[in-house]
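Look at the sequence and the structure below. This report takes up salt bridges and then the ligand.

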Amino acid sequence: MADESSPAYLPGAFLLAVSAIRAVPQLTEKFRTGEGFGWHEHDAGLFRGTEMFFRPGYAANLISSWIPALDGVEEKLKAGAKVADIGCGLGASTVLMAQAYPNSTFTGFDYHDKSIEMARRRAEEGKVSERVSFEVGKAKDFPGTDYDFVTYFDCLHDMGDPVGAAAHVKESLASDGTWMIVEPFAHDRVEDNLNPIGRAFYSASTLLCTPASLSQEVGLALGAQAGERRMRDVITKGGFSHFRRATETPFNLVYEAKP
Ligand SMILES: C[S@@+](CC[C@H](N)C(=O)[O-])C[C@H]1O[C@@H](n2cnc3c(N)ncnc32)[C@H](O)[C@@H]1O
C-alpha cells in the first residue's frame, strides 16, 4: 500500500479527497448560483492527488490489457504511431505509453497550464522527453491531424461540451485511427450504481466532475457515472460510426471509437 508502483497504492485517494474538500465553501456558493467550478480553480494538491490515485491503475492495466483490447492499435504503436493524449493532467498515461512504445511519438494536451508544466517534468524524469511533448490545449481546438490514436483518460465527462470534443477528435484522427475513452466504471441506471464504488464516484462527481463541466461552454454535466448508453449517445452525436466497450475493470470502462 506504500509502494507507488503497486495497484494497491492508496495515499493518492486521501490527497485527492482532502484537496477536493478544501473547495467546499466555494462549491456551496456555486451550487446556489448554478455556476460551475473549474478544475484549475482547485487546491494544487488535487492535481498531484489525481496523478497518484490514477497512475497505479494505468500502470497495472493500460499496456497489458486496455491497449491490446483495441482493434489493431497495439501493432501500430509498436511499429510507430502518432498519438495525442487529451486532458492528460500530469501526463501519467502519456509517459507510460511512451515508455512502452519507443517507436511512437506522443503529445499530451490539457487546458490547465500548471498541470502541463508538471507533465513536462514527468517526461524528463521518465526519460521520454525526446518523443513526448506536453502542450496547453483545449479539447475542442488542440492542434494536429492524422493522429493514429487519440486517448482520453477519465476526462471526457469533465468537459463542458463532450459532443464538441468528440467532433474535434474525429477531425484530428487519421481515417483508420482509433479513439480510446477511459471512464470511471458505471452502469446506466442510478440504482445499479448504489454500491461502494458508485457511491465514491458520485461523491467525486459532485465535488469535481459536475462543477468542472458546468464551468465550461454547453455544460452538459455528464458526471462521473454517465454509463455506456449515455457515452454512446455523446460519441455518435460527435460523428463516430463505430463505438464499443472494449474492456473493463471494477473501476474503469474502456471504450473504442472509430470514424
Ligand atoms: C480527472 S482529470 C484526469 C487527468 C488525467 N487524464 C489522468 O488520468 O490523470 C481531468 C483533466 O481534464 C482536463 N480538462 C477538463 N476540461 C478540459 C478541456 N475542455 N480541454 C482540455 N482539458 C480539459 C483537466 O484540466 C484535468 O487535467
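A residue is buried under 20% relative accessible area, exposed over 50%, and partly exposed in between (1.4 Å probe, protein chains only). At 35% relative accessibility, Glu 135 counts as partly exposed. This is a predicted model, where local features need pLDDT of at least 70, side-chain atom pairs count only at pLDDT 80 or more, and totals for chains, interfaces and linings use all residues. Residues are numbered from 1 along each chain as its sequence is written, and side-chain values use heavy atoms, leaving out hydrogens and water.

A salt bridge is a side-chain nitrogen of Lys or Arg within 4 Å of a carboxyl oxygen of Asp or Glu. The count comes to 21 salt bridges. The table shows some.

| Salt bridge | N to O distance |
|---|---|
| Arg 122 and Glu 51 | 2.5 Å |
| Glu 135 and Arg 120 | 3.6 Å |
| Arg 245 and Glu 248 | 2.7 Å |

Are Arg 122 and Glu 51 buried or exposed? Arg 122 is buried, at 19% relative accessible area. Glu 51 is buried too, at 9%. Arg 120, the partner of Glu 135, is partly exposed at 38%.

Now the ligand. A polar contact here is a pair of N or O atoms within 3.5 Å. A ligand nitrogen is 2.9 Å from an N or O atom in the side chain of Gln 216. Taken alone, the ligand exposes 590 Å², and the protein buries 95% of that (Shrake-Rupley method, 1.4 Å probe).

Conventions
Polar contact = N/O pair within 3.5 Å; in protein donor to acceptor, adjacent residues only side chain to side chain.
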